[in-house]
Amino acid sequence: MTARWPLPTIAFGGDYNPEQWDRSVWREDVALMQRAGVTLVTVGVFAWSRIEPEPDRFELDWLREVLDLLHDGGIAVDLATPTASPPPWLGAMHPETLPVTADGVRLTWGSRNQFSPSSPIYRARALAVTRAVAQAFADHPAVVMWHVGNELGQVDHSDVAAHAFRDWLTQRYGGVEALNRSWATDVWSQGYRSLAEVQPPRAAPYHRNPAQALDFRRFTSDELRSLYREQRAVIREHDARRPVTTNLMGFFALADYATWADDLDVVADDAYPDPADPRALTDAALTQDLMRSLRGGQPWLLMESATSGVGWRAHDLTKSPARSRLESLQAVAHGADAVCFFQWRQARSGPERFHSAMLPTAGPDTAVHAGVRRLGADLARLAPVVGTRSSAQVALLWDWPSWWAARGEAMPTDRLDPLETLRAWHRPLWDARVAVDVVGPPADLGGYRAVLAPALHLIDDIVAAHLRAYVAAGGTLVLGPFTGVVDPSTHLHRGRTPALLGDVLGAGVQEHVPLPDGGVTARWRDSALGTEEVRVHDFTGHADALDPLTEVLLALGPADDLPGLEHLAGSAVVTRRRQETGGTTGAGTAWLVTGVLPDVDLAAVLHRALADAGVEPFLPGAPAGVEVTRRGDALFVLNHTAAEVHLEIAQLALALDLDPATATLTDLLTARRFTTTDTPVALAPQGVLVPMETR
Ligand code: GLA
């Protein structure tokens with residue numbers, strides 16, 4: 001029987017690299033996978049030199065044998081195109097397929113990923129091996145989906161890349177005049193006579209052109225996406241129906257995944273939260289929300305994660321099976337329909353021999369493997385949530401070109417990283433158990449009670465019009481520091497920042513102000529938000545209210561507390577403009593936060609903005625550190641604290657829109673039943689509860 005995607009349960013498994021093991025191990029693997037409840041493995045990711053040991057000589061029998069064995073064992077396969085790691089022969093025969101860094105260093109084989117995404121020879125070879133694999137296995141009953149390459153993320157500054165960059169620029173600008181205008185090449189005598197003179201942003205004596213740098217980022221993302229698309233097209237010649245994807249890397253800086261999403265049949269992500277980082281799991285929730293949002297809420301796949309250590313951190317903390325379980329179930333809570341690991345069997349050789357796996361070198365009789373078996377059983381019980389979706393009342397806006405533009409050279413400060421700002425704004429929402437989507441600024445915002453744009457550095461007229469329309473329709477918009485500063489060519493918008501939204505905000509920034517270490521003082525003007533002095537740190541705007549409807553809620557000063565910066569006294573750090581009806585800018589509320597606030601003060605502002613907007617959190621009375629999400633008719637409650645917590649069953653029922661007086665709930669993980677008259681449910685540290693109405 002041919003296995004079908006989606007699988008009927010949350011898919012469970014990992015990367016499987018049988019080419020690193022001999023045949024006898026394959027059978028043992030399948031048997032152990034069955035015992036662990038594995039349902040899906042990704043095969044062939046790094047097998048190019050085994051599949052095509054010499055140019056045009058393909059060896060696929062071993063792979064067929066593996067797929068047959070897996071299929072006989074009831075394990076489905078996510079079959080990879082092995083294009084992430086070309087064999088040495090490709091670089092040896094064609095050095096121009098090897099990527100070059102901005103400093104002019106050509107990277108070589110002996111590791112992996114040594115290819116230029118722009119190399120026509122690499123591409124032709126990658127398509128040939130993709131064709132061989134697709135042709136051979138498109139009808140194999142084990143195959144349920146296709147996995148193109150691996151973590152597409154290469155960047156190249158070689159002559160081959162320069163050529164492709166010029167083609168890309170020709171598409172974008174038509175000719176050199178438009179390029180000269182967009183790149184403002186009159187600055188520093190950079191005027192080009194023709195596109196043939198244009199280079200990637202290579203090592204240069206001083207700061208490089210920011211518009212060139214931004215276009216190169218866009219180009220690199222598009223190049224990587226086109227690699228994916230070419231390989232997918234070859235797969236599609238042989239298989240019209242199985243989903244095709246590639247594994248993303250969360251908030252990955254080299255690829256604008258918002259532009260990739262339409263090309264993926266299902267979003268897949270690799271995630272390695274750092275056990276040493278106390279904020280890792282809050283940030284993981286944000287990444288998971290991004291993954292769920294990329295394709296409009298469609299369930300996604302956790303394609304890779306680690307059962308314990310990863311081997312690539314300088315000091316690689318391991319994790320407990322309980323923590324690994326919590327992380328895995330958190331992904332499901334945020335919309336994942338698969339939990340997979342790198343990798344099934346721990347490597348004995350190579351750079352990843354100290355990376356954890358589902359089956360450690362020490363064997364199945366280990367704590368890690370016992371945890372894997374337990375997780376397999378847990379996931380099997382979550383079948384009722386497969387395919388279900390979530391809804392959110394709040395959108396966080398995220399935009400890769402804004403990120404790129406804000407992280408360029410020669411900025412007012414290097415302490416403003418849009419991703420860190422996004423994370424800082426997300427944390428108070430996570431703490432308050434507010435569900436969020438993470439969407440691009442052109443998304444349809446109509447359904448959200450509040451839209452937060454923590455770090456939208458780059459805004460064009462279209463996005464501004466979109467945000468203005470959202471507020472005019474009654475929405476609540478909250479903008480963060482250094483927002484709306486540049487246009488898509490990195491030119492500063494004229495006027496106070498964010499100029500394109502000045503009317504909606506009734507406020508604007510006249511100067512960007514990096515702050516001395518230790519920050520500066522600000523005082524609340526609205527005591528409901530706080531009464532203590534606030535230390536604004538790293539960066540603020542010198543901002544004013546420009547409209548009688550605008551209230552300044554937090555302002556710098558007094559002057560005596562701003563030595564050397566007395567002129568900033570009274571500068572607005574938080575403003576709010578509420579327009580009921582009748583005005584030209586409509587009925588909503590627009591907040592501007594111009595400075596970087598301590599967490600507690602940022603939380604006060606955001607919680608107020610959300611409360612005013614009528615946003616309803618889950619389990620309002622639950623202790624801090626209890627995460628709650630809802631998928632379809634199931635609730636996920638995750639205890640991230642080190643203590644047992646107690647949950648009111650009526651509160652759980654309310655979060656599921658059930659009558660708290662009469663509801664009966666069943667925890668999918670334990671089959672335990674609760675009625676609202678029972679005493680509160682105890683949830684152990686790192687414990688997870690998945691209540692659903694008893695059916
Ligand atoms: C990435 C890769 C895998 C493996 C893991 C190790 O996610 O895709 O091949 O190297 O990292 O953590």
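How many bridges join strand β7 (residues 268-270) to strand β8 (residues 300-304)? Keep that in mind as you read these notes.

1. A word on the model. This is a predicted model, in which local features need pLDDT of at least 70 and side-chain atom pairs count only at pLDDT 80 or more, while totals for chains, interfaces and linings use all residues. Residues are numbered from 1 along each chain as its sequence is written, and side-chain values use heavy atoms, with hydrogens and water left out.

2. The opening question. Three bridges join β7 to β8, and the two strands run parallel. Within this pair, A268 has L301 in β8 as its bridge partner. Strands here are DSSP runs of E with at least two residues, and helices are runs of H or I with at least four, numbered from the N terminus. Two strands count as paired if DSSP finds at least two bridges between them.

3. As background, strands of a sheet pair through backbone hydrogen bonds, either parallel or antiparallel.

4. Strand β1 and its neighbours. Six of the six residues in β1 (residues 11-16) are buried, meaning under 20% relative accessible area with a 1.4 Å probe and protein chains only (exposed is over 50%, partly exposed in between). Four bridges join β1 to β9 (residues 336-341) in parallel, with G13 opposite C340. Four bridges also link β1 to β2 (residues 40-43), again parallel; here D15 stands opposite T42.

5. A unit to find by eye. Together, β1, helix α1 (residues 23-36) and β2 form a right-handed β-α-β unit. Right-handed means that, with the strands pointing away from the viewer, the path from the first strand over the helix to the second runs clockwise.

6. The ligand. Which residues surround the ligand? They are F46, R112, N150, E151, D270, Y272, E304, W312, F342, E352 and H355, where a residue counts if one of its heavy atoms lies within 4 Å. Polar side-chain atoms of N150 and H355 each lie 2.7 Å from an oxygen atom of the ligand, and one of E151 lies 2.6 Å from a ligand oxygen atom. Taken alone the ligand exposes 310 Å², of which the protein buries 96%, with areas from the Shrake-Rupley method and a 1.4 Å probe.

Technical notes:
A polar contact is a pair of N or O atoms within 3.5 Å; within protein, one must be able to donate a hydrogen and the other to accept it, and residues adjacent in sequence count only if both atoms are side-chain atoms.
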